[in-house]
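Open the model in your viewer and keep the selection panel at hand.

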Amino acid sequence: MNSCDIEPLLQAACDLAVRYRTGEPDRAPRAAATGQDAYALFAGPVPEAGEDALATLTALAEAAGPGLHDTTGDRFFGWVIGASHPVGVAADWLTSAWGQNPGLHFVGPAGVAAEKVAGDWLLDLLDLPREASVGFVTGATMANFTGLAAGRSEVLRRAGWDVEADGLQGAPRMRVLLGEAAHSTVFAALRYLGFGRSQIETVAADAQGAMDARDLGRRLADGGPALVIAQAGQINTGAFDPFEEIAAHCRRAGAWLHVDGAFGLWARACPDRYRLTRGLELADSWASDAHKWLQAPYESGFVIVRDRTAHRRAMSISASYLPSQDWCHNPSDFSPELSRRARGFAIWALLRHLGRDGIADMVSRHCALARRIGARLGKAPGIAVLNEVVLNQVVLAFGEGAGADRLTRAVIEEVQRRNAVFVEGARWQGREVLRISVISAPLDSRSADRLCDEILAAWQTVQARQSAAIPAQ
């Protein structure tokens with residue numbers, strides 16, 4: 001085994017990281033390398049002999065550089081991606097250096113303590129039931145998986161079936177109801193839990209993607225064990241489901257209500273956006289990301305479950321060689337992993353650094369910037385803002401009629417070609433759209449104005465090309 005001198009190695013890693021984060025303020029946001037290019041930079045035969053540690057680190061940085069999107073800067077609006085706040089990054093470095101496994105308090109007491117306190121702080125910050133349990137996972141996909149696993153266990157228990165003892169074969173048939181504009185990762189989590197497409201019922205949604213509570217009520221009236229999945233922050237529009245009405249229908253039907261709040265759950269930490277989440281606290285479980293609006297490094301998500309017993313029943317891992325004490329908090333009781341990263345250190349550090357006011361100010365600033373962007377672009381001829389800008393998302397379409405999709409795609413491609421800001425497209429309500437996500441910590445009014453300038457310039461270029469292509473009459 002090759003040995004290495006740890007001090008110069010870690011110092012070199014620090015130098016490379018600092019150079020990346022502080023250098024080139026005007027760095028293009030889109031990676032220079034395509035996926036195929038990046039593969040070629042990393043590819044090669046298996047090394048027969050080991051390489052010097054510093055040389056290996058340098059080679060890694062050189063190979064990765066061309067394939068890195070600048071998601072930590074103030075020019076990236078392409079997806080709902082946080083900027084990996086420096087405090088979180090530094091705490092994450094220490095997490096790696098410490099090499100702790102927080103699955104059990106006996107194995108990693110410091111990591112467990114950090115997670116327990118960070119979880120309690122999250123319940124307070126997000127104003128959710130203080131008696132709830134919190135599990136730290138890789139992201140919202142696994143948070144949804146975990147919350148729905150708890151719901152599946154509890155709903156079947158009420159129907160007289162022990163899924164932990166008897167599995168799913170022969171279990172009462174469960175229904176899953178969710179809005180037709182639900183995020184794709186929710187469907188993935190359901191598939192992992194053994195729910196087939198025939199068990200999933202999509203409920204009607206309005207023009208913003210918010211679930212129609214009346215349609216849900218009619219469907220739940222048919223009876224049977226059910227999971228209902230609501231949404232805080234639709235991925236395109238930022239819309240919120242009507243939680244109070246949904247929760248009332250779920251209570252009457254005895255259904256478990258889960259909320260996918262990958263980024264929208266953070267609206268509860270912001271006084272001027274809190275109203276969007278009214279009634280969300282009535283749910284049974286909630287899923288969110290810390291690597292989105294909290295700006296934690298990847299991988300960092302969390303699940304919150306009102307019924308701690310149901311949560312533990314669905315997730316706990318036990319073995320004779322694993323020491324345990326009932327009075328202690330064991331994170332492996334609340335997440336689907338036994339050996340894993342100590343995610344609580346970075347979350348604890350970020351919550352302590354930003355504080356309640358800092359998080360509220362960041363969320364409020366981003367939402368205000370989204371409104372600023374929507375208002376300016378919505379005044380431009382030929383540009384339509386398709387959503388009510390209630391959170392941090394803006395959805396645009398360009399032109400009218402049969403050629404609108406082609407024009408919208410052309411604008412996206414032109415913005416990406418110019419590479420001064422980064423945006424991406426999607427399909428929404430049957431149309432090609434340009435999506436803007438305002439969630440990276442460094443974004444400010446100058447960032448928003450530069451984005452608008454670039455989109456307007458791209459739209460002018462596309463219009464000019466179209467005019468030049470039309471023969472004179």
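Begin with the lining of the second largest pocket in this predicted model. Its residues split into 9 nonpolar, 8 polar and 4 charged. The pocket holds about 300 Å³ of space. Select A140, H183, A262, D289 and K292: of the 21 lining residues, these are the closest to its centre.

Next, the largest pocket. Its volume is about 1,400 Å³. Lining it are 37 residues, and A13, L16, A17, Y20 and W93 lie nearest the centre. Colour α1 (6-22), α3 (53-64) and α4 (86-98), the elements that each give two or more residues to this lining. Which element gives the most? It is α1, with 9 residues. By class, the lining of the largest pocket has 24 nonpolar, 6 polar and 7 charged residues.

Now show the strands. An open sheet of 7 strands runs in the order β1-β7-β6-β5-β4-β2-β3, and its pairing is mixed. Find the edges: β1 (133-137) and β3 (200-203) each pair on one side only. On average, neighbouring strands are turned by 20° against each other, direction ignored.

Zoom in on β2 (175-179). Strand β2 pairs with β3 in the parallel sense, over 4 bridges. Pick V176: opposite stands I200 in β3.

Finish with two helices that pack on the sheet. Select α8 (184-192), which touches β2, β3, β4 (226-231) and β5 (256-260). The direction of α8 makes about 170° with that of β2. Then take α11 (308-315), in contact with β1, β5 and β7 (301-305). The direction of α11 makes about 35° with that of β1.

Methods:
Residues are numbered from 1 along each chain as its sequence is written. This is a predicted model: local features need pLDDT of at least 70, side-chain atom pairs count only at pLDDT 80 or more; totals for chains, interfaces and linings use all residues. Side-chain values use heavy atoms; hydrogens and water are left out. On a 1 Å grid over the protein atoms alone, a cavity is a set of points where a 1.4 Å probe fits but cannot get out, and a pocket is an open set with protein on both sides within 12 Å along at least five of seven lines; lining residues have an atom within 4 Å of a point. Grid points are joined across faces, edges and corners, and a volume is the space filled by probe spheres set on the points. Ala, Val, Leu, Ile, Met, Phe, Trp, Tyr, Cys and Pro count as nonpolar, Asp, Glu, Lys and Arg as charged, and the others, Gly among them, as polar. Two strands pair if DSSP finds at least two bridges between them. Axes are lines fitted to C-alpha atoms, for helices over the stretch in contact, and angles run from 0 to 180 degrees between N-to-C directions. Contact means heavy atoms within 4.5 Å.
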